[in-house]
Amino acid sequence: MASGTDSTTESIRRVLLSVEDALEIDVQGRTDAAVLVPLYRSGGEFYAVFTKRRDDLRRHPGEISFPGGRYDEGERDLLATALREAEEEIGLPTEAVEVLGALQPTPTIATGYAVYPFVGMIEAGRSWTPSAGEVADVLELSLSDLLAGYARRRLVRRGLPIRTDTYLVDDHLIWGATARILADLFDRIDGLALNGATRGQSSTAG
């Protein structure tokens with residue numbers, strides 16, 4: 001199922017939180033939500049899959065994030081939320097994901113969500129079915145390009161200037177909770193032999 005060598009997959013699995021441990025972590029936020037961090041390997045590079053939201057949406061227009069959304073009452077747990085949302089938003093079937101573990105949950109500053117990220121390996125070369133009402137595009141960005149595009153940048157949000165961790169690939173800017181999730185992933189895989197997709201820089205929340 002997963003793209004990449006078994007040894008690489010197991011190396012990533014070992015540095016992640018277990019799903020069970022992540023679900024036990026309390027994070028400040030009015031609403032629980034979950035995202036899937038889909039990874040795949042192609043041509044010796046690791047890639048992550050993101051969604052770019054439509055520009056006409058009321059919440060987070062045009063922003064880049066991992067597929068995900070709020071917990072629905074009655075769902076088994078937040079991992080089920082992440083997998084359901086990935087299928088709804090980009091057409092990624094649950095059975096196509098090898099769940100490796102989880103990352104540190106993070107709050108969203110402005111919207112009051114407690115976001116629980118789960119990491120899954122998928123096969124390379126998938127075709128996507130973006131949700132017409134929500135997703136403008138599905139982005140596949142290499143981890144090495146994301147690392148090369150890291151910087152603390154000055155942004156203006158809601159009329160206020162902020163200086164925060166960001167990742168810029170071409171004209172795709174990642175910041176906020178998604179940048180914090182990426183920073184945690186990179187901190188954990190730092191030192192693994194992922195064909196240069198590691199870093200020596202430390203990360204702080206934006």
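Q: Before we start, what counts as a helix or a strand here?
A: Both are DSSP runs, numbered from the N terminus: a helix is H or I over at least four residues, and a strand is E over at least two. Keep in mind that this is a predicted model.

Q: Thanks! Where does D170 sit, then?
A: D170 is in the loop that runs between strand 10 (160–169) and strand 11 (172–174).

Q: And what is its phi?
A: The phi of D170 is positive, about 55 degrees, although D170 is not a glycine.

Q: Is D170 buried or exposed?
A: D170 counts as exposed, because its relative accessibility is 69% and the cut-off for exposed is over 50%.

Q: Which strand holds H172, and is that residue buried or exposed?
A: H172 is found in strand 11. With a relative accessible area of 17%, H172 is buried, since buried means under 20%.

Q: What does H172 touch?
A: Setting aside residues up to four places away in sequence, H172 touches I64, L139, L141 and Y167.

Q: Let's zoom out. How many helices and strands does the chain have?
A: The protein chain has five helices and 11 strands. It has 206 residues, and 50% of them count as buried.

Q: How much accessible surface is there?
A: The accessible surface of the protein chain is about 9,800 Å², and carbon and sulfur atoms account for 46% of that.

Q: What about contacts across the sequence: what share comes from residues 24 or more positions apart?
A: Among contacts with a separation of 6 or more, 65% are between residues 24 or more positions apart.

Q: On to helix 5. How does its end-to-end span look?
A: Helix 5 covers residues 176–189, which is 14 residues, so at 1.5 Å a residue it should span 20 Å; its end C-alpha atoms are 20 Å apart, in agreement with that.

Q: How many of its residues are buried?
A: Helix 5 is mostly covered, with 12 of its 14 residues buried.

Q: What comes after the helix?
A: Helix 5 is followed by G191, whose phi is positive, near 105 degrees.

Q: Switching to helix 1: which residues are buried there?
A: In helix 1 (residues 6–15) the buried residues are T8, T9, S11 and I12. Seen down the axis, these buried residues of helix 1 fall within an arc of 160 degrees, so they line one face of the helix.

Q: Which exposed residues are on the face turned away?
A: That face of helix 1 carries the exposed residues D6 and R14.

Q: And what does the buried side pack against?
A: The buried residues of helix 1 pack against strand 1 (31–42), strand 2 (45–53), strand 5 (98–102) and strand 7 (113–121).

Q: How many aromatic pairs are there?
A: The count comes to four aromatic pairs. One of them is Y40 with Y47, which is stacked: the centres are 5.1 Å apart, with 5 degrees between the planes. Y167 and F186 form a tilted pair, 5.9 Å centre to centre and 50 degrees between the planes.

Q: Why does the pair of Y167 and F186 tie parts together?
A: Because Y167 lies in strand 10 and F186 in helix 5, the pair ties together parts that are 19 residues apart in sequence. Y167 is buried at a relative accessible area of 0%, and F186 is buried at 0%. Ring pairs also link Y150, Y167 and F186 into a cluster.

Q: Last topic: how many residues are in the largest nonpolar core?
A: That core has 33 residues, and those with the most contacts inside it are F50, L146, Y167, I174 and L182. Several elements give two or more residues to this core, including strand 1, strand 2, helix 4 (143–148) and strand 10. Helix 5 gives the largest share of this core, seven residues.

Q: Which residues is F50 in contact with?
A: Leaving aside neighbours within four places in sequence, F50 is in contact with a set that includes I64, F66, V138, L146, I174 and L182. There is also a second, separate core of 25 residues, which includes L17, L36, L79 and Y116.

Technical notes
Residues are numbered from 1 along each chain as its sequence is written. This is a predicted model: local features need pLDDT of at least 70, side-chain atom pairs count only at pLDDT 80 or more; totals for chains, interfaces and linings use all residues. Side-chain values use heavy atoms; hydrogens and water are left out. Buried means under 20% relative accessible area, exposed over 50%, partly exposed in between (1.4 Å probe, protein chains only). The expected span of a helix is 1.5 Å times one less than its number of residues. Contact means heavy atoms within 4.5 Å. Accessible areas come from the Shrake-Rupley method with a 1.4 Å probe; for residues, only the protein chains shown count as cover. Rings of Phe, Tyr and Trp (its six-membered ring) pair if their centres lie within 6.5 Å; planes under 30 degrees apart count as stacked, over 60 as edge-to-face and the rest as tilted. The arc is that of the directions from the helix axis to the C-beta atoms. A nonpolar core is a set of buried Ala, Val, Leu, Ile, Met, Phe, Trp, Tyr and Cys residues joined through side-chain atoms within 4.5 Å.
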